[in-house]
Amino acid sequence: MSELVLSTKNLSKRFPVGRSGSFVNAVNGVDLSIKRGEVLGMVGESGSGKSTIGRTILRLTDPSDGEITFDGQDITTLPTKLIRPMRKDMQMVFQDPWSALNPRMKIGDLIAEPLRIHFNMSRSECNDRTEVLAERVRLSADFLNRTPSALSGGQLQRVCIARAIATNPKLIVLDEPTSSLDLSVRAGILELLQELRAETQAAFLFISHDLGTIKLISDRIAVLYLGRVVEEVPKDKLFSDPSHPYTQSLLSAHLPSDPNETLQRLTLQGEIPSPINLPTGCSFHTRCPVAINSCQSNVPEADEISPGHLVSCLRLKDGQNIIRRDLK
Amino acid sequence: MARLGNRIRGISRLSPTATAGVIIILLFGVLALFSDMFMPHDPVSSFTDRILQPPSAQHWFGTDGNGMDVFSRVIYGAKFGFGIAIPAVIIAVLIGVPVGLIAGYRGGLLDEVLMRIFDGLRVFPSIILALAVVAATGQSLLNVVLVLGFLDSPVFARLVRSEVLALRSSIFVESAIAAGNPTWRILFLHLLPNSIQGAMAQTAVRAAWAVRISATLAFLGVGIQAPTPEWGAMIRQGAEFMVSGQWWVAIFPGIALILLVFGLNLFGDGIQDILDPRRRVSK
Amino acid sequence: MNLLSVQDLQTHFIFRDIDHQLREAKALNKVNLTLNSGQVLGIVGETGAGKSLTAQSICGLLRPPAKIVGGSVTFQGRELLTLPEDEINTIRGAEIAMVVQNPRSSLDPLTQIGAQLVRLHQTHTGGPLAGSRKKALDMMQAVGIPDPEGRFTAWPHELSGGMAQRVLIAMALINEPKLLIADEPTTGLDVTVQAQILDLLNELVARFDMGCMIITHDLGIVAHYCDQVAVMFAGEIVEQGPTREVFLTPAHPYTQQLLAATPERLQLGVKSQLGGQPPDLFNLPTGCLSQDRCTLATEKCGAPPPLIEISKGHLARCHFVKPAEKGRSKSNE
């Protein structure tokens, strides 16, 4: 079995806007790879394309360009009929547990559904496995006969996780799994995910806008801006050595709950440009505090500045990090 | 038991309309099921010595042109009301709902074609179409039911389709796809249970329509014929006598017809109130 | 005299359920807080704690079945809860203003933003139209909307989330209120935009010398933008005081739990006793409302916990907190 569960090369996705002939350029040339047992965190703001990448990788939507290789197989253009059986190996946990579950199905049936679809299990085998799964995610078996409306957000998300791990998938994409949940509930879910990744050795793609959460659970983190990866960094370097100017401004805007930590705000001008009208060259140049002329015309390549640490910025070719920090 | 009583009180407070409708429907339902208990005379045996008698102690609604007791005939007619309405609505649902599901989910050409056909059906005056079909295929109760069911299916198709259009891009459907569900499971296990409420709410209203249309057809001489105690046929027969002053032959079946249709409509309306929280009568 | 003083506020939801039974959810249970001009108070808590309900109760924005069943709300010395509707209307929007989350759904989609600002100004402050127009432009400038003249005729749907929120703030401040309540003002906005909006709020609060209440579930926002904090659980304030002090030395077990659950402090793999169900407002326990999920709970908690002053201005409602003698105190092990 290959170590590499998922890799993408130059992955792109465009959505047409009405009939006007223009496109939302959600994903613009993304290279990713995730190994068995690894958690890749993807962080970005609105317009970064992070959710779209998750869906495209799972072929819930078709890529416009580039390649997706899953478990050694090129699934970029595989027809839906052939993708469907592969879904037992690639699952997704969605952001909003209230809308991710059929409100009229029983919890037990929701968890068992992937089993029913992909394996030829008898009813009793299914029930047994469902109970095991419920216990695994620390969900009381009493809930198996209820409908989603009877459960809280945290419990519902556990149901979604149980559903996602039911078939022992090799890849699990989690799209903001804790963002809709209360603070004290988040902790429980993250702990559960941490246990599961060790147990199942599945590859996790963890998408979030919250830097704190991402740092907690990920091994490596990819920072996205307007559909491109601007920086990819091992977890411990994220806060200690962010190199791309966007990463730095993102970090500076992050509000830690410790009032003693002084903020060093790196304010950016203006707002995120629309993905319909991508800036030329490096898409960050319109707001970048250290942009120079060639940033307007050249898309920077990813440079590996230290093992596992890739940055896409033209200014780094100057050999040093010259980003100024505006002290608050 | 007390709990059930409370539950009934609770629901009836949500919609007085539905409550009123239910009462009327139940009344007719009881009459239809247990007509034997309520009919003082045999609805089809004629008392040749008592033709066209006005309402009296012996014949509460009087007698008709054949000497048959109008009261008994009106009660018996309730059987037809339900006996036609229910199967017709069932057929309409069985045709309309799957079409709505598939058209809504698939979209594209299939959707366009199906919807145009159904639009055409709706636009065509149903009475004329029903008349033509029944006249062509034969005057039987079965034919009437089939035609009505078919004619009514576009309503259900449209209702289900619009719900499906809204739901097909919702997250739980995407989650179902992500889990690997084949299309048929998505349609019947996921979309159907969540898109059927509007259609279900309409069944009472469509039943009212079916009752009305079948009575109209009978009135026009198509479908059910005298001496069958069906309200429409009775009204037809009684219409002749209105002019000469024997109003009871037509009026009583007419009132029964109006009342049942009214009750069904009230119920259907009230169901909307209950299902749509915004329309509920608030505390 | 305090700008705003809320005392023993109680708001319940009273209705009949589907079984025709009378139900009462005790959503706010004797909320006490005060706010002065120039102060920023953060109200923090999880879902169902009653934060938004507190704001709505203060502003008189409750809809049945919610009902204020006790307490008092004094604004600049006037009791708000007994005022008739038309008098509340003159205060609301003019002297007390509110900014909510989801800015785009709060704006009238069929009116240009400049016109909405003018309309608001005319309703409460009045005067010649030209004056309102100028004020509107000034406010748009103050909230950082680029090219106010040009954007004056913009429609709400043309605005980004951040811009829309700025417009909402402009609308809130155009009549120069004394009290601003911001209910989750940056939820749903990008973190970089959030920083800009919060900086803006801070600046305007100082400039207009307003009292500001920020309701949020984000502890980071409170840590850096609020001088005072009130932690809510089950409709009551379990701990309040200067932010620095409450966050660095939290006294109430719930506050400690909350802070321990933030990503920075969370250590995965260390077995934690975090979480627990949100309180059942229909069935609150007698005594301390947190007892069902508190690791320190004993039978003592069956009695309502006293409000202990740990140090000046820092209060907590718990049996196990010691009032300060010298320095700071911690809760019992």
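## Chain B: helices

Chain B of this predicted model has twelve helices and zero strands, where helices (H or I, at least four residues) and strands (E, at least two) are DSSP runs numbered from the N terminus. Read from the N terminus, its elements are α-α-α-α-α-α-α-α-α-α-α-α. The C-alpha trace of chain B spans about 75 × 55 × 25 Å along its principal axes.

Helix H6 (residues 126-137) of chain B has twelve residues; at 1.5 Å a residue it should span 16 Å, and its end C-alpha atoms are 16 Å apart, which agrees. The expected span is 1.5 Å times one less than the number of residues.

## Chain B: packing of H2 and H4

Helix H2 (residues 16-33) and helix H4 (residues 70-106) of chain B pack with their axes 7 Å apart, at an angle of about 105 degrees. Axes are lines fitted to C-alpha atoms, for helices over the stretch in contact, and angles run from 0 to 180 degrees between N-to-C directions. H2(B) and H4(B) are therefore roughly perpendicular to each other; angles under 35 degrees count as roughly parallel, over 145 as roughly antiparallel, 65 to 115 as roughly perpendicular and the rest as oblique.

H2(B) contributes B:Phe28, B:Gly29, B:Leu31 and B:Ala32 to the contact, and H4(B) contributes B:Ile75, B:Ala78, B:Lys79, B:Gly81 and B:Phe82. Contact requires C-beta atoms, placed from the backbone, to lie within 7 Å. The contact residues of H2(B) with H4(B) are six nonpolar, two polar and one charged (Ala, Val, Leu, Ile, Met, Phe, Trp, Tyr, Cys and Pro count as nonpolar, Asp, Glu, Lys and Arg as charged, and the others, Gly among them, as polar).

## Chain A: sheet and helix pair

In chain A, four strands form an open antiparallel sheet in the order E2-E1-E4-E5; strands pair if DSSP finds at least two bridges between them. Strand E2 (23-35) and strand E5 (73-74) of chain A stand at the edges with a single partner strand each, so one side of each has no neighbour in the sheet. Five bridges join strand E1 (residues 4-16) of chain A to the antiparallel strand E4 (residues 65-70) of chain A, and A:Leu6 stands opposite A:Phe70 in E4(A). Helix H1 (residues 50-57) of chain A packs on this sheet, touching E1, E2 and E4 of chain A, and its direction makes about 115 degrees with that of E1(A).

The axes of helix H6 (residues 153-165) and helix H7 (residues 183-200) of chain A come within 10 Å and cross at roughly 15 degrees. H6(A) and H7(A) are therefore roughly parallel to each other. By class, their contact has six nonpolar, five polar and one charged residues.

## Chain C: sheet

Eight strands of chain C form an open sheet of mixed pairing, in the order E6-E7-E8-E3-E9-E10-E12-E11. Strand E6 (96-99) and strand E11 (307-311) of chain C are the edge strands, each pairing on one side only. The twist from one strand to the next averages 20 degrees.

Strand E3 (residues 40-44) and strand E8 (residues 211-216) of chain C run parallel and are joined by five bridges; C:Ile43 has C:Ile215 in E8(C) as its bridge partner. Helix H7 (residues 161-173) of chain C packs on the sheet, touching E6 and strand E7 (179-183) of chain C, and its direction makes about 170 degrees with that of E6(C).

## Conventions

Residues are numbered from 1 along each chain as its sequence is written, with chains lettered from A and ligands numbered from 1 in the order in which they are written. In this predicted model, local features need pLDDT of at least 70 and side-chain atom pairs count only at pLDDT 80 or more, while totals for chains, interfaces and linings use all residues.

Conventions: Two residues are in contact if their C-beta atoms, placed from the backbone, lie within 7 Å.
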